[in-house]
Amino acid sequence: MFSVQDKSIIITGANSGIGKETAEVLAARGAHVTMASRSVDRGEEAKADILKRIPYAQLEVGQCDLSSLASVAAFAAAYQERNNKLYALINNAGVVTTRREMTEDGFEKMLGVNHIGHFYLTTQLLPLLMREDNARVITLSSGAYKWGDIDFADPHLDRTFGIWKGYARSKLANVLFTVELARRLKTSFVNAVSVHPGAASTEIGVDRETGFGKKVHTVLRPILKSSREGAATTIHLASTRELINGGYYYEGGKRQELKGKALDADLAKELWEWGEKEIRQRGF
Ligand SMILES: NC(=O)c1ccc[n+]([C@@H]2O[C@H](COP(=O)([O-])OP(=O)(O)OC[C@H]3O[C@@H](n4cnc5c(N)ncnc54)[C@H](OP(=O)(O)O)[C@@H]3O)[C@@H](O)[C@H]2O)c1
């Protein structure tokens with residue numbers, strides 16, 4: 001076990017579900033946690049709620065909408081202006097959309113938020129991570145990655161949108177991103193790992209405007225993990241010395257061999273280069 005006391009940690013999507021639980025536990029252990037939230041109001045609400053239980057928690061809220069490259073760039077720049085260290089970047093935020101939606105920059109939303117936003121955020125913050133011993137990038141994927149496919153001929157799913165197809169693809173992208181990042185970090189002190197948190201009762205898939213999807217969670221709650229249980233693997237990875245660079249972890253910290261397309265190192269490299277090109281083409 002590794003002390004996170006006074007370590008600087010960024011968690012995306014820290015105002016809800018697994019991200020909020022992760023923020024609470026790591027802050028309770030003395031970490032300085034920046035809660036990257038697309039809504040500052042929701043971020044401040046979550047922060048106030050955590051402070052009720054952990055009054056000494058060192059928490060800050062930063063505005064970061066992963067569906068906007070401009071917002072990600074502004075968040076990363078503001079963070080680096082105020083901080084000169086970063087021990088862990090926890091790419092936790094995730095979205096499921098029931099119909100095809102696009103990000104501000106024209107990416108299919110599940111790929112755009114779950115992968116592209118985190119990909120860009122990570123590349124912006126890597127220089128800071130590189131300065132810290134034992135730094136880590138922890139990216140939330142899902143066992144759904146096994147059903148994912150990446151088709152560069154239809155990157156925005158305008159021909160073949162499906163909820164599961166889009167989500168599984170974005171979660172495969174999270175794993176492939178980690179594999180390629182780990183390869184690029186091989187000679188550094190930074191480790192990159194991905195996580196399957198298990199099926200947990202959170203707000204995932206619930207429409208924030210209409211509440212659609214809430215009932216499904218209510219019905220499934222008895223057989224799902226709690227958000228706190230869902231956060232266990234991330235919390236473990238944030239505070240262990242025993243990280244395998246490129247590893248995929250589940251169930252509170254067990255490592256599992258990757259399967260299927262996630263083993264394709266060429267696909268991982270292609271996805272990285274595709275992402276870089278797409279982001280550059282948009283002027284970032
Ligand atoms: N729960 C599960 O069973 C399960 C299973 C496998 C994997 N996962 C993964 O675990 C991670 C956490 O999910 P969760 O279950 O805790 O879901 P959640 O309760 O819905 O939390 C998701 C978080 O992501 C944020 N988010 C959504 N769109 C965003 C955007 N454009 N920019 C910034 N943040 C955004 C949400 O913010 P708002 O509140 O503003 O919407 C929220 O804070 C996700 O990556 C998910 O894919 C979850």
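Reader: Which backbone atom lies 2.8 Å from an oxygen atom of the ligand?

Author: Look for N or O pairs within 3.5 Å, the cut-off for a polar contact. In this predicted model, a backbone N or O atom of Ile18 sits 2.8 Å from a ligand oxygen atom. Gly13 also uses a backbone N or O atom, at 3.2 Å from an oxygen atom of the ligand.

Reader: Which residues come nearest, and which helices supply the shell?

Author: There are 28 residues around the ligand, and Ser16, Arg38, Arg42, Tyr167 and Thr202 come nearest. Helix H1 (17-28) and helix H5 (163-184) each give at least two residues to that shell. Sorted by class, the shell holds 11 nonpolar, 11 polar and 6 charged residues.

Reader: Okay, helix packing next. At what angle do the axes of H4 and H9 cross?

Author: Compare the two axes: an angle of 65 to 115 degrees counts as roughly perpendicular. The axes of H4 (residues 109-130) and H9 (residues 265-281) come within 11 Å and cross at roughly 85°, so H4 is roughly perpendicular to H9.

Reader: What residues make that contact?

Author: From H4, Leu111, His115, Ile116, Phe119, Tyr120 and Thr123 take part, and H9 brings Leu271, Trp272, Trp274, Gly275, Glu276 and Ile279. By class, that's 8 nonpolar, 3 polar and 1 charged.

Key. Residues numbered from 1 in each chain as written. Predicted model: local features only at pLDDT ≥ 70, side-chain atom pairs only at ≥ 80, totals over all residues. Heavy atoms only, no water. Near = heavy atom within 4 Å. Polar contact = N/O pair within 3.5 Å; in protein donor to acceptor, adjacent residues only side chain to side chain. Helix = DSSP H or I, 4+ residues; strand = E, 2+ residues; numbered from the N terminus. Nonpolar A, V, L, I, M, F, W, Y, C, P; charged D, E, K, R; others polar. Axes fitted to C-alpha atoms, helices over the stretch in contact; angles between N-to-C directions. Parallel < 35°, antiparallel > 145°, perpendicular 65-115°, else oblique. Contact = heavy atoms within 4.5 Å.
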